[in-house]
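These are my notes on a few things I looked up in one structure. I took the sites one at a time.

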Amino acid sequence: MKNSESDNTDQTFVPPVLPTYARADVAFVRGEGVYAFDKDDNRYLDFGSGIGVNNLGYCHPALVKALTDQAGKIWHTSNLYRIEGQERLAERLTKECFADSMFFTNSGAEAMECAIKMARKYHNDNGNPDRYRVITFEGCFHGRTLATIAAAGSEKLIKGFGPMMEGFDHVPFYKDMSEVEEAITEETAAILIEPVQGEGGIRPVSTENLEILRKLCDKHGILLMFDEVQCGMGRVGKLFAHQDSTITPDILATAKGIGGGFPMGACMATDKVAQCMKAGTHGSTYGGNPLAMAVGNAVLDVVLSDGFLDHVNQMSYELRKALVKLGSSYPEVIDRVRGKGLMLGLKLKTPVPEFVGEALKNRLMLVGAGDNTVRLLPPLIVTAEEIDEGVSLLDKTCNNIKKALEASKADSDTGD
Ligand code: PLP
């Protein structure tokens, strides 16, 4: 036995878990709506939603019921058999968007893997096996598998994991999208973009730019792929983020909010693309299993219910308005507010980890992102009163950061 029980009582005990996350020293034992509680029953306001996952908050009664009812019936059968909940969810989701067909996964990265494979297979089956490359954008994030880190291409993600999977071309995010054309070659299979960049710092792509990309894809016979793993499923006030434009992709990956906390994702496609995925070309043991599908259908019931997305837009308006005001009260801390729906970001002038840590001390959960931005991803069920509470905790956080800045300035002025 390697770890004796006495080891576990040692103050220096390090859990046998890969230290791939810089974890805060707090563990939550239960949740209720927008609040999470630690073991001493301290209450935290969650404006991170488990990184955009718990869209219906903690322990939503409809989700708890769907999961527990299903748990008493059948947990898992393989995809070698029909799964009714899967057929039902696919029918409902495809009815709501551009897609004709879909594949269920357990995570966002798996949904992206399916998307990338489909883009390659589509061209292969249409007599263009040399068309395998995918154009992606600076600051993007598509997951942590070998293919998806290669897709993002950032030093932070790929360092030490070489050789990288071949086949991704990276272009700047803020470049005029018409310049993307320069990166298109005879080998390009697809353009892949997040309609709102999440990890990259809550950076929305304008409708005009999405239009440019769609036109480029049509002109060059390549596929447009959207990664809506973070921005989809109601997060920005539409079921899918691109639906506030008339642009539709050929392939879309989604995850996070789709299962409201149950691990699940999906890759959706038009018939034209989907028909290249025949029996045996792709698979997943767990993807789309009865437990996940029961929860997925229950999430969709709520997200599609009357007034739900209007509520998201209304809360977005309230939160953004308050954040802009906060920005003008603390210009030394907040640079600007950006984002869409309830996927909002504060680009800071001060370091993000300190801000997130200070907020946590004030019992407000936030998530950092790239481009020195802190993410605000409250559950979509958040109320106006809870937004007020969040804003007052943010105010306290900004005030403490401001005081610390002033103190360190005073120290450096006096040469301490
Ligand atoms: N794509 C985007 C846009 C994401 O934000 C994420 C996760 O943050 C992923 C893909 C990967 O999803 P997962 O962590 O579920 O594999």
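I began with a term: a polar contact is a pair of N or O atoms within 3.5 Å, and within protein one of them must be able to donate a hydrogen and the other to accept it. I also noted that the model is predicted.

Entry: Thr-145.
With that term in hand I looked up the side chain of Thr-145, which makes a polar contact with the side chain of Glu-113 at 2.6 Å. I located Thr-145 in the loop between β5 (133-137) and α6 (146-152). Setting aside residues up to four places away in sequence, I found that Thr-145 touches Ala-109 and Glu-113. I also took a C-alpha separation: Thr-145 and Met-112 are 33 residues apart along the chain, and their C-alpha atoms are 9.5 Å apart. Is Thr-145 buried or exposed, or in between? Its relative accessible area is 27%, so I logged Thr-145 as partly exposed; the range for that class runs between 20% and 50%.

Entry: the ligand.
I listed the residues around the ligand, among them Ser-107, Gly-108, Ala-109, Phe-141, His-142 and Gly-143. The list also includes Glu-194, Glu-199, Asp-227 and Lys-256. Which ligand atom did I find 3.3 Å from a polar backbone atom of Phe-141? It is a nitrogen atom of the ligand. For Asp-227 I recorded a polar side-chain atom 2.7 Å from a nitrogen atom of the ligand.

Entry: the second largest pocket.
I read its space as about 580 Å³. It is lined by 24 residues, and those closest to its centre are Gln-86, Ser-101, Met-102, Phe-103 and Met-277. I then asked which element supplies the largest share of the lining. That element is α4, with five residues. I noted that α4 (84-95), β4 (101-105) and α5 (108-125) each give at least two residues to this lining. By class I have 10 nonpolar, 10 polar and four charged residues.

Entry: Met-268.
I found Met-268 in strand β12, residues 265-269. Its relative accessible area is 0%, so I logged Met-268 as buried. Beyond residues up to four places away in sequence, Met-268 touches a list that includes Leu-93, Thr-94, Cys-97, Phe-98, Phe-240 and Ile-251. Ser-101 and Met-102 are also touched by Met-268, and I had both among the residues closest to the centre of the second largest pocket. The C-alpha atoms of Met-268 and Ala-279, 11 residues apart along the chain, are separated by 17 Å.

Entry: the largest cavity.
How many cavities of 30 Å³ or more does a search of the whole structure find? I got one. The largest cavity has a volume of about 30 Å³. I noted its lining residues, including Pro-195, Val-196, Leu-210, His-242 and Lys-340. The lining divides into five nonpolar, two polar and two charged residues.

Entry: Glu-358.
I placed Glu-358 in helix α12, residues 352-361. I logged Glu-358 as buried because its relative accessible area is 14%, and the class needs a value under 20%. Leaving aside neighbours within four places in sequence, I found Glu-358 in contact with Thr-397, Asn-400 and Ile-401.

Technical notes: Residues numbered from 1 in each chain as written. Predicted model: local features only at pLDDT ≥ 70, side-chain atom pairs only at ≥ 80, totals over all residues. Heavy atoms only, no water. 1 Å grid on protein atoms, 1.4 Å probe; cavity = no way out; pocket = protein on both sides within 12 Å on 5 of 7 lines; lining within 4 Å. Points joined across faces, edges and corners; volume = space filled by probe spheres on them. Helix = DSSP H or I, 4+ residues; strand = E, 2+ residues; numbered from the N terminus. Nonpolar A, V, L, I, M, F, W, Y, C, P; charged D, E, K, R; others polar. Buried < 20%, exposed > 50% of the residue type's maximum accessible area, 1.4 Å probe, protein only. Contact = heavy atoms within 4.5 Å. Near = heavy atom within 4 Å.
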